[in-house]
Amino acid sequence: MHSYNEKWPFLFKKEAEKLKHLFGSEIVEIHHIGSTAVPGLKAKPIIDMMPVVKNIELVDSYNEEMKKFGYEPKGENGLPGRRYFSKGDDNRTHHVHIYQIGHPDITRHLAFLNYLREHPVEKEQYGDLKTTLAKQFPYDIDSYIKGKDSLVKDIETKALKWWEAKRFPNKK
C-alpha cells in the first residue's frame, strides 16, 4: 500500500488521452475511479479508469489495438455489461473498466468515489483496512478483496443514498 501520490491524476489523464484517441467518438467520457482517484487515500499504485461508451458490443473489436497499448483484454471478467482490461501483467499499472452509457455500475463507482472524497472518516477507515489487508495477504488478492467486501458494501450503501440525495435534493 502506498501513500497518495500527486502524480496519479496526471498518469490517469495521460492514459485517458490514449484511450480517447483509440476509441474516438465511441467514448462518451472517461472517469478516474478507484483509490488513486481519492486525494489522501492510501492505494496500490494502479490507475483505475472507467470509460463510458455508446455501445459496449463494439468494444471487443478494439481488443487488438488495446493489446498494442499493452493491455490484456479480459472480456466481462465476471461483471455482466463490462469490458475489462489490465496493463502490466504482474506489475499492473492500469485497470480499464468499460461500461455502456446508462449502466448502473457507473453510478455505483462514481457515488463511492465522491463519497470517499467528501467523507474523511470513512476514507481513513477504508485506507487503514486496505493497509492491514495488504500486509496480511500480500500475495493473495482474493483474500484481500474478500477482506474489504463488508466495509465496501457498507460504504457503497451510504454512498448511493448520499449521491441520490445530492443529485435530487427535493426527492423524498
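**View 1. Aspartate 89 in the loop between β4 and β5.** Aspartate 89 sits in the loop that joins β4 to β5, where helices (H or I, at least four residues) and strands (E, at least two) are DSSP runs numbered from the N terminus. Although it is not a glycine, aspartate 89 has a positive phi of about 45 degrees. Its relative accessibility is 64%, so aspartate 89 counts as exposed (buried means under 20% relative accessible area, exposed over 50%, partly exposed in between, with a 1.4 Å probe and protein chains only). The model is a predicted one, in which local features need pLDDT of at least 70 and side-chain atom pairs count only at pLDDT 80 or more, while totals for chains, interfaces and linings use all residues. Residues are numbered from 1 along each chain as its sequence is written, and side-chain values use heavy atoms, with hydrogens and water left out.

**View 2. Asparagine 77 in the loop between β3 and β4.** Asparagine 77, which is not a glycine either, has a positive phi of about 50 degrees. With 44% relative accessibility, asparagine 77 counts as partly exposed. Most residues other than glycine have a negative phi.

**View 3. Helix α1, residues 8-23.** The 16 residues of α1 reach 22 Å from the first C-alpha to the last, close to the 22 Å expected at 1.5 Å a residue (the expected span is 1.5 Å times one less than the number of residues). Trp8, Phe12, Glu15, Ala16, Leu19, Leu22 and Phe23 of α1 are buried. Glycine 24, whose phi is positive and near 55 degrees, follows α1.

**View 4. The largest pocket.** About 1,200 Å³ of space lies in the largest pocket; on a 1 Å grid over the protein atoms alone, a pocket is an open set of points where a 1.4 Å probe fits, with protein on both sides within 12 Å along at least five of seven lines, and lining residues have an atom within 4 Å of a point. Its lining has 38 residues, of which Asp48, His95, His97, Ile145 and Lys148 lie nearest the centre. The largest share of this lining, 8 residues, comes from α5.

Key:
Points joined across faces, edges and corners; volume = space filled by probe spheres on them.
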